[in-house]
Amino acid sequence: MKFYDVSWPVSSGLPVWPGDSGVSLEMVRRIGEHSPANVSHLACGVHSGTHVDAPLHFIPGAGDVLSLPLDVLIGPARVIALPNVDAITLAALAPFVVAGVTRLLFKTRNSALSRDRFHTDYVALSLDAAHWLVKQGVRLVGVDYLSVETYHADYAVHRTLLGANVVVVEGLDLSQVSPGDYDLYCLPLKLAGSEGAPARVILTAPPNQV
Ligand SMILES: [Zn+2]
(Lines give C-alpha, C1' and ligand atoms only; values in the text may rest on other atoms or scores of the structure.)
Protein backbone atom coordinates (compact mmCIF):
# COMPACT_ATOMS: atom_id res chain seq x y z
CA MET A 1 0.00 0.00 0.00
CA LYS A 2 1.18 3.52 -0.80
CA PHE A 3 0.52 6.28 1.73
CA TYR A 4 0.23 9.95 0.86
CA ASP A 5 0.16 12.48 3.68
CA VAL A 6 -1.82 15.37 2.19
CA SER A 7 -1.82 17.47 5.38
CA TRP A 8 0.15 20.65 5.93
CA PRO A 9 2.78 20.41 8.67
CA VAL A 10 1.64 22.60 11.57
CA SER A 11 4.26 25.06 12.76
CA SER A 12 4.52 28.63 14.05
CA GLY A 13 3.92 31.21 11.39
CA LEU A 14 1.74 29.04 9.16
CA PRO A 15 -0.35 31.40 7.01
CA VAL A 16 -3.92 31.70 8.26
CA TRP A 17 -7.06 33.44 7.07
CA PRO A 18 -6.59 37.19 7.57
CA GLY A 19 -8.00 38.09 10.99
CA ASP A 20 -7.77 34.55 12.41
CA SER A 21 -5.38 33.94 15.26
CA GLY A 22 -2.08 32.65 13.96
CA VAL A 23 -0.36 29.40 14.79
CA SER A 24 2.10 29.27 17.66
CA LEU A 25 3.85 26.01 18.46
CA GLU A 26 6.65 26.37 20.96
CA MET A 27 8.58 24.17 23.32
CA VAL A 28 7.86 25.84 26.66
CA ARG A 29 9.84 23.45 28.88
CA ARG A 30 13.10 21.77 27.96
CA ILE A 31 14.83 18.80 29.52
CA GLY A 32 17.27 20.14 32.08
CA GLU A 33 17.61 21.09 35.72
CA HIS A 34 14.01 22.31 35.99
CA SER A 35 12.19 19.89 33.70
CA PRO A 36 12.41 16.13 33.23
CA ALA A 37 10.69 16.40 29.83
CA ASN A 38 10.33 18.51 26.73
CA VAL A 39 6.83 20.01 26.63
CA SER A 40 5.37 22.09 23.80
CA HIS A 41 2.43 24.46 23.73
CA LEU A 42 0.13 24.89 20.73
CA ALA A 43 -2.18 27.85 20.15
CA CYS A 44 -4.11 28.25 16.91
CA GLY A 45 -7.51 28.82 15.41
CA VAL A 46 -9.45 25.71 14.50
CA HIS A 47 -9.32 26.61 10.79
CA SER A 48 -5.51 26.49 10.75
CA GLY A 49 -3.67 24.42 8.18
CA THR A 50 -5.43 21.29 6.96
CA HIS A 51 -8.85 21.28 8.62
CA VAL A 52 -12.52 20.44 8.29
CA ASP A 53 -15.53 22.75 8.38
CA ALA A 54 -18.64 21.41 10.11
CA PRO A 55 -22.15 22.71 9.25
CA LEU A 56 -22.05 24.87 12.41
CA HIS A 57 -19.42 27.06 10.71
CA PHE A 58 -22.12 28.88 8.71
CA ILE A 59 -25.45 27.41 9.82
CA PRO A 60 -26.67 28.52 13.27
CA GLY A 61 -27.53 25.54 15.48
CA ALA A 62 -26.20 22.99 12.97
CA GLY A 63 -23.86 20.08 13.69
CA ASP A 64 -20.39 20.54 15.18
CA VAL A 65 -17.24 18.62 14.34
CA LEU A 66 -18.40 15.65 16.44
CA SER A 67 -21.46 15.32 14.22
CA LEU A 68 -19.38 14.59 11.12
CA PRO A 69 -19.96 10.92 10.23
CA LEU A 70 -16.87 8.71 10.19
CA ASP A 71 -18.27 6.86 7.19
CA VAL A 72 -17.99 10.11 5.24
CA LEU A 73 -14.57 11.08 6.61
CA ILE A 74 -13.21 7.66 5.68
CA GLY A 75 -13.73 5.91 2.34
CA PRO A 76 -13.02 5.95 -1.40
CA ALA A 77 -12.14 9.37 -2.83
CA ARG A 78 -11.24 10.72 -6.24
CA VAL A 79 -8.52 13.31 -6.81
CA ILE A 80 -9.43 15.52 -9.78
CA ALA A 81 -6.65 17.64 -11.26
CA LEU A 82 -7.62 21.06 -12.63
CA PRO A 83 -4.18 22.64 -13.10
CA ASN A 84 -5.18 25.38 -15.53
CA VAL A 85 -8.35 26.83 -14.07
CA ASP A 86 -8.82 30.05 -12.12
CA ALA A 87 -12.02 28.74 -10.58
CA ILE A 88 -13.58 25.31 -10.07
CA THR A 89 -16.75 25.96 -12.04
CA LEU A 90 -19.43 23.56 -13.20
CA ALA A 91 -17.98 23.88 -16.72
CA ALA A 92 -14.54 22.87 -15.44
CA LEU A 93 -16.00 19.89 -13.62
CA ALA A 94 -18.35 18.75 -16.34
CA PRO A 95 -15.77 16.68 -18.30
CA PHE A 96 -15.23 14.52 -15.22
CA VAL A 97 -17.72 11.79 -14.61
CA VAL A 98 -18.33 11.66 -10.89
CA ALA A 99 -21.40 9.43 -10.72
CA GLY A 100 -21.04 7.21 -7.68
CA VAL A 101 -18.03 9.09 -6.33
CA THR A 102 -19.04 10.75 -3.08
CA ARG A 103 -15.68 12.18 -1.99
CA LEU A 104 -13.90 14.60 -4.31
CA LEU A 105 -10.57 16.34 -3.80
CA PHE A 106 -9.56 19.11 -6.20
CA LYS A 107 -5.93 19.50 -7.08
CA THR A 108 -5.29 22.96 -8.53
CA ARG A 109 -2.38 25.33 -8.87
CA ASN A 110 -2.96 26.10 -5.18
CA SER A 111 -0.94 23.04 -4.23
CA ALA A 112 2.17 24.82 -5.57
CA LEU A 113 1.59 28.05 -3.60
CA SER A 114 4.24 29.00 -1.08
CA ARG A 115 3.32 28.92 2.60
CA ASP A 116 5.33 31.96 3.61
CA ARG A 117 2.26 34.21 3.47
CA PHE A 118 -1.48 34.12 2.86
CA HIS A 119 -2.45 34.25 -0.82
CA THR A 120 -5.76 35.83 -1.83
CA ASP A 121 -5.72 34.74 -5.47
CA TYR A 122 -6.24 31.02 -4.82
CA VAL A 123 -8.50 28.76 -6.89
CA ALA A 124 -11.84 27.88 -5.29
CA LEU A 125 -15.31 26.54 -6.04
CA SER A 126 -17.93 28.59 -7.84
CA LEU A 127 -21.53 28.53 -6.66
CA ASP A 128 -22.81 26.60 -9.68
CA ALA A 129 -20.25 23.87 -8.98
CA ALA A 130 -21.27 23.73 -5.31
CA HIS A 131 -24.96 23.32 -6.21
CA TRP A 132 -24.11 20.65 -8.76
CA LEU A 133 -21.96 18.69 -6.31
CA VAL A 134 -24.81 18.70 -3.79
CA LYS A 135 -27.22 17.50 -6.48
CA GLN A 136 -24.78 14.72 -7.43
CA GLY A 137 -24.93 13.43 -3.84
CA VAL A 138 -21.31 14.27 -3.07
CA ARG A 139 -20.70 14.01 0.70
CA LEU A 140 -17.17 15.40 1.05
CA VAL A 141 -15.29 18.08 -0.88
CA GLY A 142 -11.60 18.81 -0.38
CA VAL A 143 -9.63 21.78 -1.69
CA ASP A 144 -5.93 22.62 -1.67
CA TYR A 145 -6.14 26.04 -0.06
CA LEU A 146 -7.60 27.55 3.09
CA SER A 147 -11.11 28.12 1.76
CA VAL A 148 -13.51 26.28 -0.52
CA GLU A 149 -14.69 29.70 -1.67
CA THR A 150 -12.88 32.63 -3.29
CA TYR A 151 -11.43 35.34 -1.07
CA HIS A 152 -14.00 38.03 -1.85
CA ALA A 153 -17.03 35.74 -2.08
CA ASP A 154 -20.20 36.04 0.01
CA TYR A 155 -20.05 32.59 1.68
CA ALA A 156 -22.85 31.19 -0.50
CA VAL A 157 -20.57 28.27 -1.45
CA HIS A 158 -19.93 27.44 2.21
CA ARG A 159 -23.65 27.76 3.02
CA THR A 160 -24.64 25.58 0.06
CA LEU A 161 -22.22 22.76 0.93
CA LEU A 162 -22.53 22.91 4.73
CA GLY A 163 -26.31 23.36 4.50
CA ALA A 164 -26.43 20.04 2.64
CA ASN A 165 -24.20 18.39 5.28
CA VAL A 166 -21.29 18.08 2.84
CA VAL A 167 -18.03 17.79 4.77
CA VAL A 168 -15.64 20.52 3.65
CA VAL A 169 -11.92 19.79 3.93
CA GLU A 170 -9.62 22.78 3.40
CA GLY A 171 -5.87 23.26 3.27
CA LEU A 172 -4.91 20.00 1.58
CA ASP A 173 -1.48 19.59 0.00
CA LEU A 174 -2.07 17.54 -3.14
CA SER A 175 1.24 18.49 -4.79
CA GLN A 176 2.61 14.94 -4.50
CA VAL A 177 -0.58 13.16 -5.55
CA SER A 178 -1.60 12.18 -9.07
CA PRO A 179 -5.24 12.37 -10.12
CA GLY A 180 -7.05 9.10 -9.56
CA ASP A 181 -8.85 6.98 -7.02
CA TYR A 182 -7.68 6.54 -3.44
CA ASP A 183 -8.93 5.66 0.00
CA LEU A 184 -9.28 8.74 2.17
CA TYR A 185 -8.67 8.91 5.91
CA CYS A 186 -9.64 12.33 7.24
CA LEU A 187 -9.41 12.49 11.02
CA PRO A 188 -10.26 15.87 12.57
CA LEU A 189 -9.48 16.53 16.22
CA LYS A 190 -12.50 15.68 18.36
CA LEU A 191 -13.23 19.28 19.39
CA ALA A 192 -16.64 19.22 21.11
CA GLY A 193 -18.91 22.07 20.09
CA SER A 194 -16.46 23.41 17.52
CA GLU A 195 -17.41 24.40 13.98
CA GLY A 196 -14.02 23.35 12.63
CA ALA A 197 -11.01 21.27 13.54
CA PRO A 198 -7.49 20.65 12.29
CA ALA A 199 -7.25 17.24 10.65
CA ARG A 200 -4.64 14.74 9.60
CA VAL A 201 -5.56 13.61 6.11
CA ILE A 202 -4.04 10.55 4.44
CA LEU A 203 -4.68 8.95 1.06
CA THR A 204 -3.80 5.35 0.36
CA ALA A 205 -3.65 3.37 -2.87
CA PRO A 206 -2.44 -0.05 -3.95
CA PRO A 207 1.22 0.28 -5.13
CA ASN A 208 0.49 -0.37 -8.80
CA GLN A 209 -2.66 1.74 -9.01
CA VAL A 210 -1.55 5.38 -8.77
ZN1 LIG B 1 -12.51 26.36 7.47
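Student: Let's start with L133. Which residues is L133 in contact with, leaving aside its neighbours within four places in sequence?

Tutor: Happy to begin there, with the reminder that this is a predicted model. Once those sequence neighbours are set aside, L133 is in contact with L93, L104, F106, L125, V138 and V141. L133 also belongs to the largest nonpolar core, a group of 26 residues, where F106, L125 and L133 touch the most other members.

Student: Which elements give two or more residues to this core?

Tutor: They are α2 (90-93), β6 (103-107), α3 (127-135), β7 (140-143) and α4 (156-163). The biggest share comes from α3, with 4 residues. There is also another core lying apart from this one; it has 25 residues, including V65, V167, C186 and A199.

Student: Now the strands. How should I read β10, and how many of its residues are buried?

Tutor: A general idea to keep in mind is that side chains in a regular strand alternate between the two faces of the sheet. As for this case, β10 spans residues 196-205 and is mostly covered, with 9 of its 10 residues buried.

Student: Which strands pair with β10, and over how many bridges?

Tutor: Let's take the partners in turn:
- β1 (residues 2-5) pairs with β10 in the antiparallel sense over 4 bridges, and K2 has A205 as its bridge partner.
- β4 (residues 51-53) runs antiparallel to β10 and is joined to β10 by 3 bridges, with D53 partnered by G196.
- β9 (residues 180-188) is also antiparallel to β10, with 6 bridges between them, and L184 stands opposite L203.

Student: Are H51 and D53 buried or exposed?

Tutor: The cut-off to apply is that buried means under 20% relative accessible area. H51 counts as buried because its relative accessibility is 1%. D53 is buried too, with a relative accessible area of 0%.

Student: On to the rings. How many aromatic pairs does the structure hold?

Tutor: The structure holds 10 aromatic pairs. One of them is Y4 with Y182, an edge-to-face pair at 5.6 Å centre to centre, with 90° between the planes. This pair links distant parts of the chain, since Y4 is in strand β1 and Y182 in strand β9, 178 residues apart. Y4 is buried, at a relative accessible area of 14%, and Y182 is buried as well, at 4%.

Student: What is the geometry of the W17 and Y151 pair?

Tutor: W17 and Y151 form a tilted pair, 5.2 Å centre to centre and with 50° between the planes. W17 is in the loop between β1 and β2 (24-29), while Y151 is in the loop between β7 and α4, 134 residues apart. Y151 is partly exposed, with a relative accessible area of 24%. Ring pairs also link W8, W17, F118, Y122, Y145 and Y151 into a cluster.

Student: Where is N110 found, and which residues is N110 in contact with?

Tutor: N110 is found in the loop between β6 and α3, and is buried, with a relative accessible area of 2%. Leaving aside neighbours within four places in sequence, N110 is in contact with Y122, V123, D144 and Y145. Two of those, Y122 and Y145, belong to the ring cluster.

Student: What about backbone angles: what is phi of Y155 near?

Tutor: As a general rule, most residues other than glycine have a negative phi. Phi of Y155 is near 75°, a positive value. Y155 lies in the loop between β7 and α4, and counts as partly exposed at 35% relative accessibility. N165 has a positive phi too, of about 60°, although N165 is not a glycine; N165 is found in the loop between α4 and β8 (167-170).

Notes. Residues numbered from 1 in each chain as written. Predicted model: local features only at pLDDT ≥ 70, side-chain atom pairs only at ≥ 80, totals over all residues. Heavy atoms only, no water. Buried < 20%, exposed > 50% of the residue type's maximum accessible area, 1.4 Å probe, protein only. Core = buried A, V, L, I, M, F, W, Y, C linked by side-chain atoms within 4.5 Å. Contact = heavy atoms within 4.5 Å. Pairing = 2+ DSSP bridges. Phe/Tyr/Trp six-rings, centres within 6.5 Å; stacked < 30°, edge-to-face > 60°.
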